[in-house]
Amino acid sequence: MAFLSASCIHQIFSLGSGDRQLYHLADRSRGVLFSGLRSLKLGDNFLDRDMSQPTFASIDATQALHTQWQSWVEREKLKRLVWSAFEYDCSLCILTNRRAAVDLSELPRTFPCTESLWQARTASSWKALMSSMSENATDALPQVIVRGLLAGHAPPNDLPFWARRLSAQLISRQLWDAKQAEKAYMAECFILPSARQAQLETEACLLGGLQILAESVAAPKDVLELLNSNIITLILHYSHLHSSSDLLDLLVYVLRSSVQSSMSDPRAINSATQKLAAGLQRSVKQSRRMACHAAQIVAVASKFLVPAPCEILRVFMGFTFLMAFARYGQHDSFLQHVKDGKDHVRLDDVHPSLTQKEAVVHWVQYGGPAAVGPIDNICDKDAFGKIKHHALQTLGGLRRWGLAERFIKIIADFNFD
């Protein structure tokens, strides 16, 4: 387990290093990580084996309790490693656009316990805490929690924040898999018209579950809860961006091709840029809705940015989508739709009031000036440069990661010409 833990941490570092060789090494090495985890016989054996106390007469009650606690610690340690590896695999999928290596059926049957129980330093304190906690705090069942979220129910109050984040990762993974299947080369051969409507309903249900999760962590009480809250919120809004249309894929292609300009066909880049512009102008309501989610990503980053590779990517994509929206979005006819004489709506209120929510809904429907951070109006012709400046300032605080440095360079050099 020590080796596999170190391997997982090293591969996460490799993803964030910005070094192309280390980046590809992480992709190649994840097979070793997960084959090593499988060799520990996770599923029905190690993680679910009997935790009852020893019955040997020679072992007194104190020693029996200590043995039981140590066995639980080893079981929980492995459970946490597997869930951590799953989160790493989710990050790698988003960063590389590759399929996942771990199947959901291989995950532990329960979520990790609450941190206060994990941090117990003696067998007696562990037993006392265990006896006073519910199953949601000690061994919550993922399928029960996720099923409840998709049915519109808030998660239990005593569900650990990490379990909430893992629930968000599970839902996001389902959305990502569905999108990949939709984009597959022969997707049109297998997705029947009747199945397409079911896919849209499933997508709406999954996004609704993510929204409920985000609302449940809206008031973090410490730094650990703040980290989990921000990651869940970023997952929610990035999932909306990724699931809405193919615009994000076109944006990624244009950005990636601009970095590899010596290896890219200028005509292909120009064609993709034109398709991106046409897409933003063809479906103006959808474009504005995506801009709202990109603005929320930027708002979370401005408030407190989690310094992890996948979160850095999500923030980068939020900023670049706003840049594309400012440059190519349809902003010509907004003046006639200004509501109640208020010519600006803020898109970056992380916890908006009912009035603010209504104003955003109106903006999506009719357009108009909209503010994000220090930018008074992202629909203004000068907004592109202001958004770029805001992005460079935000990502500049993460220069200790090579990945952030690469993203800074892309934004600094890119103008959507």
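**Entry 1: two helices side by side**

I began with a pair of helices: helix 16 and helix 18 are roughly antiparallel to each other, a label for angles over 145 degrees, with under 35 counting as roughly parallel, 65 to 115 as roughly perpendicular and the rest as oblique. Their axes come within 8 Å and cross at roughly 170°. For the axes I used lines fitted to C-alpha atoms, for helices over the stretch in contact, with angles running from 0 to 180 degrees between N-to-C directions. Helix 18 covers residues 383–396, and helix 16 covers residues 309–328.

Before going on, I noted that this is a predicted model, where local features need pLDDT of at least 70, side-chain atom pairs count only at pLDDT 80 or more, and totals for chains, interfaces and linings use all residues. Residues are numbered from 1 along each chain as its sequence is written, and side-chain values use heavy atoms, with hydrogens and water left out.

Which residues of the two helices meet? On the helix 16 side I listed Ile-312, Phe-319 and Arg-327 among them, and on the helix 18 side Phe-384, Ile-387 and Leu-395 among them; contact means heavy atoms within 4.5 Å. I also looked at Arg-327 by itself: Arg-327 lies over the face of Phe-384, at 4.2 Å from the ring centre. The rule I used is NZ of Lys or CZ of Arg within 6 Å of the ring centre and within 35 degrees of the ring normal. Arg-164 does likewise, with its charged end over the ring of Phe-161, 5.4 Å from the centre.

**Entry 2: the cores**

I looked up the largest nonpolar core and found 110 residues in it. Such a core is a set of buried Ala, Val, Leu, Ile, Met, Phe, Trp, Tyr and Cys residues joined through side-chain atoms within 4.5 Å. Helix 16 gives the most to this core, with 14 residues. Phe-321, Leu-347, Trp-363 and Ile-378 have the most contacts inside the core. Leaving out residues up to four places away in sequence, Ile-378 touches Leu-322, Phe-325 and Leu-347, among others. A second, separate core of 9 residues includes Trp-69 and Leu-117.

**Entry 3: a tryptophan cluster**

How many aromatic pairs are there? I got 6, pairing rings of Phe, Tyr and Trp (its six-membered ring) with centres within 6.5 Å; planes under 30 degrees apart are stacked, over 60 edge-to-face and the rest tilted. Trp-72 and Trp-118 have ring centres 6.2 Å apart and planes at 55°, so the pair is tilted. Trp-72 sits in helix 4 and Trp-118 in helix 5, 46 residues apart. Trp-72 is buried at 4% relative accessible area, whereas Trp-118 is partly exposed at 25%; buried means under 20%, exposed over 50% and partly exposed in between (1.4 Å probe, protein chains only).

Trp-72 also pairs with Trp-126, with centres 5.6 Å apart and planes at 45°, so I wrote this pair down as tilted too. Trp-126 lies in helix 6, so the pair ties together parts 54 residues apart in sequence. Trp-126 is buried at 5%. I noted Trp-72, Trp-118 and Trp-126 as one aromatic cluster.

**Entry 4: His-293 and the whole chain**

His-293 lies in helix 15 and is buried at 14%. His-293 touches His-237, His-240 and Leu-241, not counting residues up to four places away.

Last, I took the overall view: the chain has 19 helices and 2 strands, where helices (H or I, at least four residues) and strands (E, at least two) are DSSP runs numbered from the N terminus. Buried residues make up 48% of the 417 in the chain.
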